[in-house]
Amino acid sequence: MTISAPADSRTGTRVYAEYGRPFWMRLLLTREMAVIVALILVIVIASLEVRRFGTTTTLGFLLLDVAPILMIALPMTLVIMMGEIDLSVASTLGLSSVLLGILTQAGWPVPVAIVACLVMGLVAGLINGLLVTVVGLPSLAVTIGTLALYRGIAVGLLGTTAVTSFPAFWTGLAQSKFGSTGIPVAMVLVVALIVVFVALLHFTPFGRGIVAIGFSTETAHFSGVHVNRTKVVAFMLTGLIAALAGIYWTFRYGSARGDNAMGLELSVIAAVLLGGVSIFGGKGAIHGVIAGVLLIGVLQSALRLANVSSDVINIITGALLILSVLSPDFCRGSAACVSVVPRQRNRSSNRSVPSPDHQHPLHPT
């Protein structure tokens, strides 16, 4: 499926506002680039001002901390770009952790238990997707309900106990690093997922369908996109990757508990929105989401090393979430100031040709 821009009836050129700006402006003056620049600045300042921040040990723990957030943020990007949301990801993670602990304790081979957890994640995402598409319920209401449901099942299965006996090979694999670099081995899995989701979103018809649904569900439907199927697949991917993050979480901390990753969904959503994904759908990029996850992770790590309390860190994370929602309005105002294009003259008829500021319903500023 291709989404084409409207053409001006006299010039035959694309006329929406995005193409009225020079290429360098379209490349550099973006939300994603602003987040990347902010990330670099925070890293430089923290390395100079915060003691022990620039060490390989800090780098290793930072990457271990952001790995589950980054994994879940990738499919969450697809869901939010469709104009939907999934608040049940942390509960799915916790349920996956509990299931892994119970099955391992019951004597199941770890690879088989991992497959069972991944299937559970697919089913959890499928339930969300069907309730949104077939039943027609809002994703916010659905995933608030399944947030409580999946977390309740997880806590009910283990109660206040925890499973802590796991094979040393798997716990060591989740915690090990590449030599003295401080880079965790688990980042190989994270990088592989990034490659998959970059290709999926930016280079496939499925990804173009995600964007089209975010702009307009009706337009996407009449353009040949299977809207309901696309939404169900996106929710299933979110459940699958949340379950995978639960497996990583369990092996990294060596503990399967029903309350694992409580509240993690807020960090995931904050990072996705901070990375330039529009809460209203239709706009976003994976590289911006990666920068958003790293920016929040670096800030939290630097603040903890500076002995800032967790309450203050939560306040800062909440403020970033609010800022990420409000910033598109400021960006639109700034774009309106910098994207004024002089009206051109049609040489053949000597009439004014409209400047490329016309809005296309599939390409909002």
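Student: What should I know before starting?

Tutor: Residues are numbered from 1 along each chain as its sequence is written. The model is predicted, so local features need pLDDT of at least 70 and side-chain atom pairs pLDDT 80 or more, while totals for chains, interfaces and linings use all residues; side-chain values use heavy atoms, without hydrogens and water.

Student: How is a pair of aromatic rings described?

Tutor: By the distance of the centres and the angle of the planes. Rings of Phe, Tyr and Trp (its six-membered ring) pair if their centres lie within 6.5 Å; planes under 30 degrees apart are stacked, over 60 edge-to-face, and the rest tilted. This structure holds 4 aromatic pairs. One of them, Trp170 with Phe251, is stacked, at 5.7 Å centre to centre and 25° between the planes.

Student: Which parts does the pair of Trp170 and Phe251 tie together?

Tutor: Trp170 lies in helix H7 (residues 168–175) and Phe251 in helix H11 (residues 227–253), so the pair links parts 81 residues apart in sequence. Helices here are DSSP runs (H or I, at least four residues), numbered from the N terminus.

Student: Is Phe251 buried or exposed?

Tutor: Buried means under 20% relative accessible area, exposed over 50%, and partly exposed in between (1.4 Å probe, protein chains only). Phe251 is buried at 4%, whereas Trp170 is partly exposed at 22%.

Student: Which aromatic cluster includes Trp170?

Tutor: Phe166, Phe169, Trp170 and Phe251 form one cluster.

Technical notes:
Helices (H or I, at least four residues) and strands (E, at least two) are DSSP runs, numbered from the N terminus.
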